[in-house]
Amino acid sequence: MAFFIVRSLDIFEIETDRLIADMEQERILAVDRERIGRELHDGVIQNIYSAGLVLEDADHLIVEDPGLARQRVHSVMGTLNQTIDEIRGYILDLRTPPLCELQAGLRSLVRDLRLDTMLEVDYQITEQCPRQLTPQQIAT
């Protein structure tokens, strides 16, 4: 009977550790969402708003100075292209690095093995999950 109580406590500890890890992951996601929201507001949205103001000015200049209006439109096109590049950067930052996916999968397999077999399994990761991959790493 004591054996089953000890094993039940082990399972409870494993599940508690998993819940704590899940809660930490949720906290990290919340912090990231807040950061992304701030960056979008401070950068991308301001760029788009500025582009709109310049286009309004160009609209008023079309009749009296078409050359200057054309310059303003080209300037806005450059600003919007930069903004598109910034948004692409944010999207790339949101991708989960493959190493993190592998680590999460291994963690899940070890947890399931512990629960299914009641074996003590030692699982250690020597390399930390990278926060961001280079474009070359993403392409491969």
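User: How many salt bridges does a search of the whole structure find?

Analyst: Ten. Keep in mind that this is a predicted model.

User: What makes the contact between R18 and D22 a salt bridge?

Analyst: The cut-off is 4 Å between a side-chain nitrogen of Lys or Arg and a carboxyl oxygen of Asp or Glu. In R18 and D22, the closest N and O atoms are 3.0 Å apart. That is within 4 Å, so the pair counts as a salt bridge.

User: Why can such side chains pair?

Analyst: Side chains of opposite charge can pair when their charged atoms come close.

User: How far apart are R18 and D22 along helix α1?

Analyst: They are four residues apart, so about one helical turn separates them.

User: Why are R18 and D22 called partly exposed?

Analyst: Partly exposed is the band between under 20% (buried) and over 50% (exposed). R18 has a relative accessible area of 27%, so it falls in that band. D22 has 38%, so it falls there too.

User: What makes E24 and R27 a salt bridge?

Analyst: Their side chains meet at 2.7 Å, N to O. The limit is 4 Å, so the pair qualifies. Both residues lie in helix α1, three residues apart, about one turn of the helix. E24 is partly exposed at 35% relative accessibility. R27 is partly exposed at 45%.

User: How do you know that D10 and R7 form a salt bridge?

Analyst: Their N to O distance is 3.4 Å. That is within 4 Å, so the term applies. D10 and R7 are three residues apart in helix α1, so about one helical turn separates them.

User: Is R7 buried or exposed, and what about D10?

Analyst: R7 has 17% relative accessibility. Buried means under 20%, so R7 counts as buried. D10 has a relative accessible area of 22%, which puts D10 in the partly exposed class.

User: Which residues are linked with R7 in a network of salt bridges?

Analyst: D10 and E120 are linked with R7 in that network.

User: Why is L9 called exposed?

Analyst: The cut-off for exposed is over 50%. L9 stands at 53% relative accessibility, so L9 counts as exposed. L9 lies in helix α1, which spans residues 2–61. L9 is also part of a nonpolar surface patch with M1 and I5. Together they have about 380 Å² of accessible area.

User: Why is α1 called roughly antiparallel to helix α2?

Analyst: The two helices pack at an angle of about 165 degrees. Angles over 145 degrees count as roughly antiparallel, so α1 and α2 get that label. Their axes are 9 Å apart. Helix α2 covers residues 66–94. The crossing of α1 past α2 is left-handed.

User: What class does R111 get?

Analyst: R111 has 22% relative accessibility, so R111 counts as partly exposed. R111 lies in helix α3, residues 98–117. R111 and Y123 are twelve residues apart along the chain, and their C-alpha atoms are separated by 9.5 Å.

User: How do you know that D112 is partly exposed?

Analyst: D112 has 31% relative accessibility. D112 is placed in helix α3.

User: How far apart are D112 and I14 in sequence and in space?

Analyst: They are 98 residues apart in sequence. In space the C-alpha to C-alpha distance is 9.9 Å.

Key
Residues numbered from 1 in each chain as written. Predicted model: local features only at pLDDT ≥ 70, side-chain atom pairs only at ≥ 80, totals over all residues. Heavy atoms only, no water. Patch = residues over 30% accessible without salt bridge, like charges linked within 9 Å, V, L, I, M, F, W, Y side chains within 5 Å. Areas by Shrake-Rupley, 256 points an atom, 1.4 Å probe, with all protein chains shown as cover. Buried < 20%, exposed > 50% of the residue type's maximum accessible area, 1.4 Å probe, protein only. Axes fitted to C-alpha atoms, helices over the stretch in contact; angles between N-to-C directions. Parallel < 35°, antiparallel > 145°, perpendicular 65-115°, else oblique. Left-handed = near helix turned anticlockwise from the far one by under 90°.
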